[in-house]
Amino acid sequence: MKKFLLAVASIVLGTASLQAADLAAQYTKAPVMAPAYNWTGFYVGGNVGGQWGSANPATTTLFPVAAYFADSSVGAIAAVGAQRINSSSVTGGFTAGYNWQVNNAVLGLEGDINYFGFKGSASGTALYPCCAPTSFTINSSVSADWLATIRGRIGFLATPSWLIYATGGAAIAEVKGNFTFTDTFLAATESGTIRDTRVGWTAGLGGEYAVGGGWSLKAEYLYVDLGRSRMTSNNLNIGLALPAQTFTHSVDLKSNIVRVGVNYKFGGPVVARY
């Protein structure tokens, strides 16, 4: 009887050992969790790129009683005074912002200040319709040295590290315009100056890629419209002042910007993924 029980025990223990070995052979370790980039947090960065844009300076005058111009001259001055300036330049500056990641959506607020470099001039001359061969000349120049934007951003994650976004908000720049009028009829001269910190709008698209360690690379396009500034002058002079003659000078400014940049995000949570 004892021999029989020992034989049964040996068979049971042997079977259990075989099953344990089989389970050990089939066991696979769970994959190690790897950190995924999380976009939530405050960041700073820099950018460099280029802008190309245009300004449309304009000079007009009126025809008040007992002033300088003939009625036919008013339309001629408006036609020559409607000018166009094209400008392109390198831009660059600094960026700061904050992102909130909600699942695959990323919402953010971003501000930047950049060297803008918009600069150009235009000139036009025509005969007086009433009084040929005497003529008049209008010169215009426009510049904007810096540009700042304050924008919202809304995007989605194509991958955990690749953000595609749209952006839009306010654009701010000091627009400067200088205008002169001269003629050969009585050597008349007039001038006007615009210095206006304009608040316009901007909108664009971009992409940003997280390379790790809080660093990310981005590329974006922005369209900027700063609207139109105006001023009037009554300083026409022909050797004596003619304050009754009013001139109006105005200028608008629009630009396209393409730039690349690098950002560094401070802290922020890291979530786990398999």
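Q: A charge sits over a ring if NZ of Lys or CZ of Arg is within 6 Å of the ring centre and within 35 degrees of the ring normal; over which ring does the charged end of Arg-153 sit?
A: This is a predicted model, in which local features need pLDDT of at least 70, side-chain atom pairs count only at pLDDT 80 or more, and totals for chains, interfaces and linings use all residues. Residues are numbered from 1 along each chain as its sequence is written, and side-chain values use heavy atoms, with hydrogens and water left out. At 4.3 Å from the ring centre, the charged end of Arg-153 sits over Tyr-165.

Q: What is the geometry of the ring pair Tyr-37 and Trp-39?
A: Across the whole structure there are 17 aromatic pairs, where rings of Phe, Tyr and Trp (its six-membered ring) pair if their centres lie within 6.5 Å, with planes under 30 degrees apart stacked, over 60 edge-to-face and the rest tilted. Both Tyr-37 and Trp-39 are buried (under 20% relative accessible area, with exposed over 50% and partly exposed in between, for a 1.4 Å probe and protein chains only). Lys-265 lies over the face of Tyr-37, at 5.2 Å from the ring centre. The centres of Tyr-37 and Trp-39 are 5.0 Å apart and their planes stand at 75 degrees, so the pair is edge-to-face.

Q: How many residues apart are Trp-162 and Tyr-209, whose rings pair?
A: Their ring centres are 5.8 Å apart with planes at 50 degrees, so the pair is tilted. Trp-162 is partly exposed at 34% relative accessible area, and Tyr-209 is likewise partly exposed at 38%. Trp-162 belongs to strand S7 (residues 162–183) and Tyr-209 to strand S8 (residues 189–212), strands being DSSP runs of E of at least two residues, numbered from the N terminus. The pair thus links distant parts of the chain, with a separation of 47 residues.

Technical notes
Helices (H or I, at least four residues) and strands (E, at least two) are DSSP runs, numbered from the N terminus.
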